[in-house]
Amino acid sequence: MRILLWHVHGSWTTSFVQGRHDYLLPLTPGRDADGLGRATSWDWPASVQEVPVERLRDTDVDLVVLQRPHELDLVRGWTGRVPGRDVPAVYVEHNTPGGEVPFTRHPLADQSEIPVVHVTHFNRLFWDCGRAPVDVVEHGIVDPGHRYSGEWARAAVVVNDPVRRGRAVGTDLLPAIADAVPVDAFGINVHQLDDALAVEPGRLWTFEGLPQGRMHTELARRRVYVHTSRWTSLGLSLLEAMHLGMPVVALATTEAVAAVPPEAGVLTTRPEELVAAVWRFAHDPEEAHRVGAVARQTALARYGLGRFLADWDARLGAWGPTDAESSSAGSAST
């Protein structure tokens, strides 16, 4: 199939484009948020092709993967086709609902032509999707390999925009963790933490926007991974850390409670227990290695790439075009 999608969530897209299809990514002259094209921080196969937006109207498309509400309008404007009517479409919901949870109405709740696919069962439970058909395809990860050495008795955190997102991603919890164990924060705009948090010098280091492969290597050198998010969908960085063989400590919120069994790490809703667990792993390398090995096996079994791609192929086969539709996919409708 020829699948049109946007480069929105790099880690999720990295797994999705490992399949056997051709993946078309819109490209705008300035590579803005609606036309980033191919990734620079992830390794994507040659089947991922950039398509300048001015050529999309004449480009064959078998199915559109939507990830943001305004992409419905982008498809109409750039291709001349209406998603769900002129070209099959599916909407992937990456995020937990905002607004008046659990009453938040999904943007696609009042239609039935485009399925809404959640990345976690927690998301499906909390979004009000109305009469829209819904499904769940859980995450899958490109296995980075068992790299864990835990040679540094420091804690690792991966988060984007921690200052802007604040309590949602648990930024307020970092000073207490750093008081117990030095913390290394990886991600986009993590450098803003230096001015935003009152942390003793040397207790919080930041690593800005590392390529994925290098970040994985650096994470695996830290003794323990900490997932501080209160209200986000299941973080792919948590699953990546488990694949690396790291012990994990996380808040017992959203889908994390299903992803991390007791033998693979520590889940808690009590900040004091979170800090204590981080301290314990940092000071007990033997336990950290043992628990990390279980975390890796757990992640491989539930969040492996093969299962993820097979689940998606099953859905794409059901939602994709018929032979007749595919043969005429290049014709634009208004």
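Over the ring of which residue does the charged end of Arg154 sit? The ring is that of Trp205, and the charged end of Arg154 is 3.6 Å from its centre. A charge counts as sitting over a ring if NZ of Lys or CZ of Arg is within 6 Å of the ring centre and within 35 degrees of the ring normal.

This is a predicted model, in which local features need pLDDT of at least 70 and side-chain atom pairs count only at pLDDT 80 or more, while totals for chains, interfaces and linings use all residues. Residues are numbered from 1 along each chain as its sequence is written, and side-chain values use heavy atoms, with hydrogens and water left out.

**Overall fold**

- The protein has 13 helices and 13 strands. Helices (H or I, at least four residues) and strands (E, at least two) are DSSP runs, numbered from the N terminus.
- The radius of gyration is 21 Å, close to the 20 Å that the globule rule gives for 334 residues, so the protein is as compact as a globular protein of that length. This radius is taken over C-alpha atoms, and the rule is 2.2 Å times the number of residues to the power 0.38.
- The C-alpha trace spans about 65 × 40 × 40 Å along its principal axes.
- Of the 334 residues, 54% are buried. Buried means under 20% relative accessible area, exposed over 50%, and partly exposed in between (1.4 Å probe, protein chains only).
- Among contacts with a separation of 6 or more, 66% are between residues 24 or more positions apart. Contact means heavy atoms within 4.5 Å.

**Aromatic pairs**

- A pair of aromatic rings is described by the distance of the centres and the angle of the planes.
- The structure holds 11 aromatic pairs. Rings of Phe, Tyr and Trp (its six-membered ring) pair if their centres lie within 6.5 Å; planes under 30 degrees apart count as stacked, over 60 as edge-to-face and the rest as tilted.
- Trp12 and Trp312 make an edge-to-face pair, 6.2 Å centre to centre with 75 degrees between the planes. This pair links distant parts of the chain: Trp12 is in helix α1 (residues 10-16) and Trp312 is in helix α12 (residues 305-319), 300 residues apart.
- Trp12 is buried at 3% relative accessible area. Trp312 is buried too, at 2%.
- Trp152 and Trp205 have ring centres 6.3 Å apart and planes at 80 degrees, so this pair is edge-to-face. It also links distant parts of the chain, with Trp152 in strand β8 (residues 152-158) and Trp205 in strand β10 (residues 204-208), 53 residues apart.
- Trp152 is partly exposed at 30% relative accessible area. Trp205 is partly exposed at 35%.
- Arg221 lies over the face of Trp152, 4.5 Å from the ring centre.
- Ring pairs also join Trp12, Phe16, Tyr23, Phe308 and Trp312 into a cluster.

**Strand β11 and its partners**

- Strand β11 (residues 222-227) has six of its six residues buried, so the rest of the structure largely encloses this strand.
- β11 pairs with β8 in the parallel sense over three bridges. Two strands pair if DSSP finds at least two bridges between them.
- Ala156 stands opposite Tyr225 in β11.
- β11 also pairs in the parallel sense with strand β12 (residues 248-251), over three bridges. Here Val226 stands opposite Val249 in β12.
- In a regular strand the side chains alternate between the two faces of the sheet.

**Loops and backbone**

- Thr28 lies in the loop between β2 (22-27) and β3 (48-52). Thr28 is buried, with a relative accessible area of 8%.
- Leaving out residues up to four places away in sequence, Thr28 touches Asp34, Gly35, Val53 and Trp78.
- Arg31 is in the loop between β2 and β3. Its phi is near 50 degrees, a positive value in a residue other than glycine. Arg31 is partly exposed at 40% relative accessibility.
- Thr254 has a positive phi of about 45 degrees, although it is not a glycine. Thr254 sits in the loop between β12 and α9 (256-259) and is buried, at 11% relative accessible area.
- Val101 and Pro102 are joined by a cis peptide bond, with omega about 5 degrees. Pro102 is in the loop between β5 (89-93) and β6 (116-118).
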